[in-house]
Amino acid sequence: MSWIPFKIGQPKKQIVSKTVERDFEREYEKLQKLEDQTKKLHKDMKKSTEADLAMSKAAVKISADLLNNPLCEQDQAFLESMTALDTAMKRMDAFNQEKVNQIQKTVIDPLKKYSGVFPSLNMAVKRREQALQDYKRLQSKVEKYEEKEKTGPVMVKLHQANEELKPVKEDFEAKNKQLLDEMPKFYQSRIDYFQPSFEALIRAQVVYFTEMYTIFSDLTDQIDPAGLTDEQRQRETEAKLSELRSLSIVAND
Amino acid sequence: TLLSNYGDKKLYFPEIKEEMLAEEAEEAKKRREEEEEEAKERKAQRQRLAIEELVQTEKNYLKMLQICSVNIRSNLKQLQPPPANLDSLFLYIEDVMDVSRRLLSLFNQTHLQPEDPHYLETLCNSFLSLSSDIEAAYKEYLANYNNISVVENGYKQKEALWKEIIRVIKLSAPEVNATSLSFFLVMPVQQITRYPLLLQTIQKHTEPAHPAYALLEQTAHTSIALNCRINEYKRFREVADKYKKTESLTIRDKINRLNTHSIAKKTARFSQHLKHETGIKPKLVDEEFDAFEGFFNILENGILVLLENVEQYLLHLQRFLTCKTEEFDFEMDGEKSPICYKEITTALRQWILPTFEKRTRTLVHKPLCALRDLLVGPRNLIRKRLDKLLDFEMIESKSNLSYEEQAVANTYRTINTLLLNELPRFNGLALQLIWSMLGTFSCLHRDLAADMEQMFQSFAQQLPHSSLDPSAFWKWAESEVLESGRKLQTVCRSVEDSLNAPAVQPLSPSSQRRLKQLTDKHGSGKIYQVMSTVAGSRDLDLNLTRGEFVAVISEADTRGDKRRWLVDAGGRRGYVSSSKLIRYHQAMEDPPPSPLLNTPLDVTERRRHSYTPVYKPMNVMSQPCFQVMAAYSFTARGNHEVSVQAGEPVRVLEPHDKRGNPEWSLVEATGGQRGYVPSNYLTVMPMGAEPPGFRVF
């Protein structure tokens, strides 16, 4: 229809009121923020879990490598200590793995699933926007024809324009209503959705640290029962290092 | 934006365009400013709420403590017989309550409102001024808390007594849902760990430009430091109480009496192994020395490997500390479980684990590094001895040694003796060090777990499903997660289905022409429609607008990528992503042939969401209330067709061609000429339908 000069594509009639539009934007903003935060938490949880697993494996390596060193075999008491340490580390690693599995199932996977809704939602908002633009364009077209002198060709065009407008208007209104309905509902659903995840996160850690306390209490009773303070330990260590330094073979370079 | 409404329409009135643009820019600016104001207001409100939360939490907390230490306590005293060691439960609660009272009165002192920017300053200063008193009160309480647990557990063993206690609790505090004494008595343990998160939440909603921001940051840091020191004190007290320093034949003795001489003899083989590697084998074999050297070798290896492993461990620990999973904001701060999770994780990441890291570095990593550095001296000396030994071997058998040869012999003997004397001492001490560091490492783990356990105790009461035993809990959690996942899928599907259909629109003549052209050339089975405007990014990619028709030439590109299709866009050929295309089913699968051809056509079914032609063939005879007009211009292509202008009224003589095909209509145009035009080019206008100014010609 390029032979009709258009001043603006903006219809005179207000299609969507300012308040409704603002509410729509507000709801959508809330969802966008939730999308960002969900993605962030998912990322952080994954990284944190990886680091957690790596830490546990590193602890096992500490004790395993020591146990493999022939040093151990030479003194019975030392061997018993190292074996006990190794057992403790391996058991902790098993509990850690179990904790991570539970977290994966009840926290990380649900987070990912939740994030997966947003692309569809974003697309739906885009489509609504497209429909709105089409609606506005066609609405202003109709208005233009309505303003013109009512000749035959103009009437035909006006009729066509109205025919074109109708389905587009209905489409937009349907999309708009549905989104205005769905967006707050979906936002609200996050509370019930994530509640079990947080409880699971806490519970998994309670179990893990309870085990850690039991295992390392026993181990400490066995291999380090003296109960020194940090200061005392440091003094002891420093004393031994000083003794070493006083040897001539050490000073010699 | 508003400007996008202009689209790509030609703007024939530049001055008006300028005016319009300026108006729009004004409006947009006003809207932006409004929104910024609103956002600022929202943030200020959040800050206010967070500040109020801090004050309100303190108030409620104090109230609870008072109920417990006054009401419940006095009622329990009256039981016959009163529970044993009752007073021991309340030893340190007075100090905690006292400091809480003073904190609250400082908060209230200035009579300022939370909206006032100075209020925050007052809050922080109150906390900071009382911080040493807070530390003093809470450290004693927390250090003593285990005793409270022990006493309460004693009560729980006696069924009748415990029942009475619960009755008293419910009577004294009916509105509180408490089922134990520890419900109240654990609160100080909770409260001290809450301060960091409460303060950090205020900080999160405060602009850095705020006058009290630096003070707030300092206060938050202080609250963390408080927790560190309180925990440290707790550990110190545990150690002091538990171990009365009676030295018996414990593991320490075993460590200190390590007999490196006997060990060394057994390790001789390793020394030989090493010499095989280096290819050097002296003729003079000193078994004792070889044993010590062998021990040194495996010791050295052990230390280096241990140090590397500890460093790896600390690296992963640091990585863990940087993943701040407690920082998310789902606006769920009113819900128990996310808040509990945040409090626990904040504690773990901000002081419990950092303390563990610091102690590990100081008590394990640093000494190990020092020990590694000390390996250098003996290692070099051993090498030197070997060199001297080889020299010595050459001259040993001689009876008459020269002056230089004497010196060589003496050097060898000196080094050898030195090493024989001191190497075992070195080996022994080093092994003792390693052994005690590993014991320390175990102790650090225990302390870490103890810190976490104490914190968990305070949360157990608050979480709805904490009373479930493990298997029941995980069953519940997993089934919840599954159910939620299903619900989510439903939401997703409904959004996709109903919201993603492109709008229904009639075809413009240019679209119809393109459609016809492509269908003629490629057949109706190849026609697709572009779902959203796409700008090509690679070579030979097409720019296409939404709604355009294309014909698919190939469903893969030259490299076999099935997501990139070769299409004909009415003369232009190029690639487009297949995800942008949707199959277009036409009501008429092939273009209507000229009315004089014979074959009738199949009409295939219409697709619900495709662009459908709105105009159907009209079966109108001469009804006076309707006027048929040509909606579009049509140029006759042969003698049997007639040209019409858009808007021209026509008289329909027959709504089908000679074969009965309704796709063509026989009409009489205004000039009197008769001929066929495509039926879908015609439209019906109601005559006498009355918008004002309507005239019928």
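Q: What does Leu244(A) touch, not counting residues up to four places away in sequence?
A: Leu244(A) touches Val250(A) in its own chain, and Leu371(B), Leu374(B), Phe426(B), Leu429(B) and Leu433(B) in chain B. These pairs are called contacts because contact means heavy atoms within 4.5 Å. Keep in mind that this is a predicted model, in which local features need pLDDT of at least 70 and side-chain atom pairs count only at pLDDT 80 or more, while totals for chains, interfaces and linings use all residues. Residues are numbered from 1 along each chain as its sequence is written, chains are lettered from A and ligands numbered from 1 in the order in which they are written, and side-chain values use heavy atoms, with hydrogens and water left out.

Q: What makes a set of residues a nonpolar core, and which residues have the most contacts inside the largest one?
A: A nonpolar core is a set of buried Ala, Val, Leu, Ile, Met, Phe, Trp, Tyr and Cys residues joined through side-chain atoms within 4.5 Å. The largest has 123 residues, and Leu244(A), Leu299(B) and Phe426(B) have the most contacts inside it. Helix α14 of chain B gives the most to this core, with 20 residues. A separate core of 66 residues includes Tyr145(B), Trp162(B), Phe184(B) and Met187(B). As background, nonpolar side chains tend to be buried together in soluble globular proteins.

Q: How do you know the size of the area buried between chain B and chain A?
A: Buried area is the accessible area (1.4 Å probe) that two parts lose on being put together, summed over both. By that rule the figure for chains B and A is about 13,000 Å², and carbon and sulfur atoms give 66% of it. The contact draws on 150 residues from chain B and 135 residues from chain A.

Q: Why is the pair Lys33(A) and Asp329(B) called a salt bridge?
A: A salt bridge needs a side-chain nitrogen of Lys or Arg within 4 Å of a carboxyl oxygen of Asp or Glu. The closest N and O atoms of Lys33(A) and Asp329(B) are 3.0 Å apart, so the pair meets the rule.

Q: What is the count of residue pairs in polar contact between chain B and chain A?
A: A polar contact is a pair of N or O atoms within 3.5 Å; within protein, one must be able to donate a hydrogen and the other to accept it, and residues adjacent in sequence count only if both atoms are side-chain atoms. Between chains B and A the count is 22 residue pairs.

Q: What makes Asp134(A) buried and Arg137(A) partly exposed?
A: Buried means under 20% relative accessible area, exposed over 50%, and partly exposed in between (1.4 Å probe, protein chains only). Asp134(A) has 8%, so it is buried, whereas Arg137(A), at 29%, counts as partly exposed. Their side chains meet in a salt bridge at 3.3 Å, N to O. Both lie in helix α3 (residues 117-147) of chain A, three residues apart, about one turn of the helix.

Q: Why does the pair Arg235(B) and Asp447(B) tie together parts that are 212 residues apart in sequence?
A: The two side chains meet in a salt bridge at 3.9 Å, N to O. Arg235(B) lies in helix α7 (residues 213-242) of chain B and Asp447(B) in helix α14, so the bridge joins those parts. Arg235(B) is buried at 10% relative accessible area, and Asp447(B) is buried at 5%. Salt bridges with shared partners join Asp230(A), Lys234(B), Arg235(B), Arg359(B), Arg446(B), Asp447(B) and Asp451(B) into one network.

Q: What makes Pro509(B) count as buried, and where is its place in chain B?
A: Pro509(B) has 18% relative accessibility, so it falls under the 20% limit and counts as buried. Its place is in helix α16 (residues 509-522) of chain B. Helices (H or I, at least four residues) and strands (E, at least two) are DSSP runs, numbered from the N terminus. Chain B has 16 helices and ten strands, and 49% of its 697 residues are buried.
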